[in-house]
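Welcome! Take a look at it first, and then read on.

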Amino acid sequence: MMRRAVVLTLGVLLALPLAAAQVSLPHDEYLPEDIYGQRQDRPEQVLFEVQRYSLTIGSELRPGARPNDAQASVSILLEGRSTLTGSPVRRARLQFAEGTGGQRGARLVDDGTLLVINYPLALLPAIRQMLDSPGTDYVQGRFYGNGLIWADLHSEPVAAAD
């Protein structure tokens, strides 16, 4: 009897992570496969439909810097309508930087009303094309309890041209 109880307890304990991994949220289909099993809790989710965007290309020279030390930046501000009841996030700033390494993870700023996502500058043409194409675009952010952060810009499926 004791052996049976131990086997049953182990079975339940092994099944818990599988049950926890089955969280269903809007736009799940836009996430890649969770090959490391990291998305096991219900995340704080940000999701809004993009209604307009603006592109900013700037240059900044900080006080005391040499004239040749100006920093250039490229960003896109996306604004729209939240698709989640009660979510205050209706804006996202996509920031672009040279290269792919050392990018900061997505984060909420401005009292949690603005999602900031960093991308390599090489993705700017693809993102502009996506925003200028027909169809609806969405910004999504997910913040998991274990520190995992997922953020994306995605479009709903569009019928292929004949």
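Strand S3 and strand S5 (residues 114-120) run parallel and are joined by seven bridges; strands here are DSSP runs of E with at least two residues, helices are runs of H or I with at least four, and both are numbered from the N terminus. Two strands count as paired if DSSP finds at least two bridges between them. This is a predicted model, in which local features need pLDDT of at least 70 and side-chain atom pairs count only at pLDDT 80 or more, while totals for chains, interfaces and linings use all residues. Residues are numbered from 1 along each chain as its sequence is written, and side-chain values use heavy atoms, leaving out hydrogens and water.

**Around strand S3**
- S3 also pairs with strand S2 (residues 71-82), in the antiparallel sense and over six bridges.
- Phe96 of S3 is the bridge partner of Val74, and Phe96 also stands opposite Tyr119 in S5.
- S3 spans residues 91-97, with Ala92, Leu94 and Phe96 on its covered face.
- The uncovered face of S3 holds Arg91, Arg93, Gln95 and Ala97.

**The whole chain**
- The protein chain has two helices and seven strands, in the order α-β-β-β-β-β-α-β-β from the N terminus.
- Of its 162 residues, 30% are buried (under 20% relative accessible area, with a 1.4 Å probe and protein chains only).
- Among contacts (heavy atoms within 4.5 Å) with a separation of 6 or more, 52% join residues 24 or more positions apart.
- The chain's accessible surface is about 10,900 Å², and carbon and sulfur atoms account for 55% of that surface (Shrake-Rupley method, 1.4 Å probe).

Definitions and conventions: Buried < 20%, exposed > 50% of the residue type's maximum accessible area, 1.4 Å probe, protein only.
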